[in-house]
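Open the model in your viewer and keep the sequence panel beside it, so that each stop on this tour can be selected as you read. Take the stops in order.

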Amino acid sequence: MGHKGAVRLAQILANRSKAALEEALLLTCEQLGFHYFMFCGRFSQPRGATHEVRFDNFPVPWHRYCADRDRDLLPGPLRRLALQEVTPLPWRKIAARHGKALARAGEFGLVTGVSCSVHGPRGQWSLTSFALARGGSAAERRILATLPDCQLVACAIHYAAARIARRGVDRVGAPRELDGARNRLLSDRESQCLIESARGKTTSEIGQALQISERTVAFHLSNVRRKLGAANSRHAVTKAFSLKLIAAG
């Protein structure tokens with residue numbers, strides 16, 4: 001994985017909150033060359049309780065489609081088969097048998113990808129998926145080239161999330177909850193970047209205000225535009241206000 005990869009894993013493992021872990025995965029997703037990610041983990045707690053940790057940046061229309069049909073964001077066959085694997089499962093491997101389910105996801109921008117499962121003690125498990133918005137031979141070569149990194153990242157996220165679940169640490173909190181398919185559309189950091197953008201700040205100024213890099217700001221704003229189906233940041237601000245994802249002020 002190299003020095004940069006080792007640093008990336010150390011940064012993931014160092015996270016102490018769900019929001020920080022989500023941001024780390026956003027950056028890792030970008031560095032690995034993927035457009036989308038999804039993490040879902042279930043972790044056992046003392047006295048038989050379980051705690052589920054979920055976050056993603058899947059397209060908003062796909063969120064709405066799945067919510068309307070009471071479906072999980074990851075197509076059922078893919079989720080089931082990936083959890084049975086001990087190595088990363090490229091989506092193309094099951095396309096012949098479950099093409100219909102994957103084709104529907106592809107219509108919403110989740111064209112191809114890879115899912116990595118991790119299993120721990122007492123029935124703990126997690127599933128980390130990385131997706132591309134474009135298919136073809138070049139996309140599949142990229143996925144194959146990143147399989148070892150994807151699995152290492154999935155393991156790091158699993159253990160970081162398990163620690164967060166065990167300690168009950170999530171003090172940063174989620175964005176304000178909204179009804180229906182609008183739930184959790186924007187992460188805390190995405191909302192913060194968008195609010196600063198609405199105030200007329202440049203990406204450099206937003207980075208200074210939030211103490212993050214300009215590249216990270218651009219990545220968050222790009223995810224906001226993708227989630228809201230907006231042509232530009234101004235359009236994203238308008239849509240976010242209309243959906244009450246951010247408040248004026």
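Two residues are in contact, or touch, when they have heavy atoms within 4.5 Å of each other. What you have open is a predicted model, in which local features need pLDDT of at least 70 and side-chain atom pairs count only at pLDDT 80 or more, while totals for chains, interfaces and linings use all residues. Residues are numbered from 1 along each chain as its sequence is written, and side-chain values use heavy atoms, with hydrogens and water left out.

**Stop 1: the whole chain**

Colour the chain by secondary structure, and you will find 10 helices and five strands; helices (H or I, at least four residues) and strands (E, at least two) are DSSP runs, numbered from the N terminus. Of the 249 residues of the protein chain, 49% count as buried, where buried means under 20% relative accessible area, exposed means over 50%, and partly exposed lies in between, with a 1.4 Å probe and protein chains only. Among the contacts between residues at least 6 apart in sequence, 61% join residues at least 24 apart.

**Stop 2: the nonpolar cores**

In soluble globular proteins, nonpolar side chains tend to be buried together. A nonpolar core is taken here as a set of buried Ala, Val, Leu, Ile, Met, Phe, Trp, Tyr and Cys residues joined through side-chain atoms within 4.5 Å. Select L21, L25, F34, F39, V114, F130 and V153, which are the residues with the most contacts inside the largest nonpolar core, a set of 33 residues. The elements that give two or more residues to this core are α1 (2-13), α2 (18-32), β1, β2 (50-56), β4 (112-119), β5 and α6 (137-167), and α6 gives the most, with 13 residues. A second, separate core has 21 residues, including M38, F58, L81 and L102.

**Stop 3: a cavity**

Which residues line the largest cavity? Select M38, F39, C40, L74, L127 and S129 to see that lining. A cavity is a set of points, on a 1 Å grid over the protein atoms alone, where a 1.4 Å probe fits but cannot get out, and lining residues have an atom within 4 Å of a point. The structure holds one cavity of 30 Å³ or more, and the largest cavity has a volume of about 30 Å³, a volume being the space filled by probe spheres set on the points, which are joined across faces, edges and corners. β1 (36-44) and β5 (125-132) each supply at least two residues of the lining, and β1 gives the most, with three residues.

**Stop 4: T128 in β5**

Now select T128, which is found in strand β5 and counts as buried at 0% relative accessibility. Leaving out residues up to four places away in sequence, T128 touches M38, F39, V114, S115, C116, A154 and I157.

**Stop 5**

Go on to Q151 in helix α6, a residue that is buried, with a relative accessible area of 16%. The C-alpha atoms of Q151 and T87 are separated by 7.5 Å, although the two residues are 64 residues apart along the chain. Apart from its neighbours within four places in sequence, Q151 is in contact with T87, P88, C116, S117 and V118.

Select C150 as well, which is buried, with a relative accessible area of 0%. A disulfide is a pair of cysteine sulfur atoms within 2.5 Å, and a search of the whole structure finds zero disulfides.

**Stop 6**

H98 is in the loop between β3 (89-90) and α5 (99-107). Is H98 buried or exposed? At 19% relative accessibility, H98 counts as buried, and beyond residues up to four places away in sequence it touches P77, R80 and L81.

Most residues other than glycine have a negative phi. Select D70, in the loop between α3 (60-68) and α4 (76-84), where phi is near 55°, a positive value in a residue other than glycine; D70 counts as exposed, at 74% relative accessibility. Finish at Q211, in the loop between α8 (203-210) and α9 (214-228), where phi is near 60°, again a positive value in a residue other than glycine; Q211 is exposed, with a relative accessible area of 74%.

Note on methods:
On a 1 Å grid over the protein atoms alone, a cavity is a set of points where a 1.4 Å probe fits but cannot get out, and a pocket is an open set with protein on both sides within 12 Å along at least five of seven lines; lining residues have an atom within 4 Å of a point.
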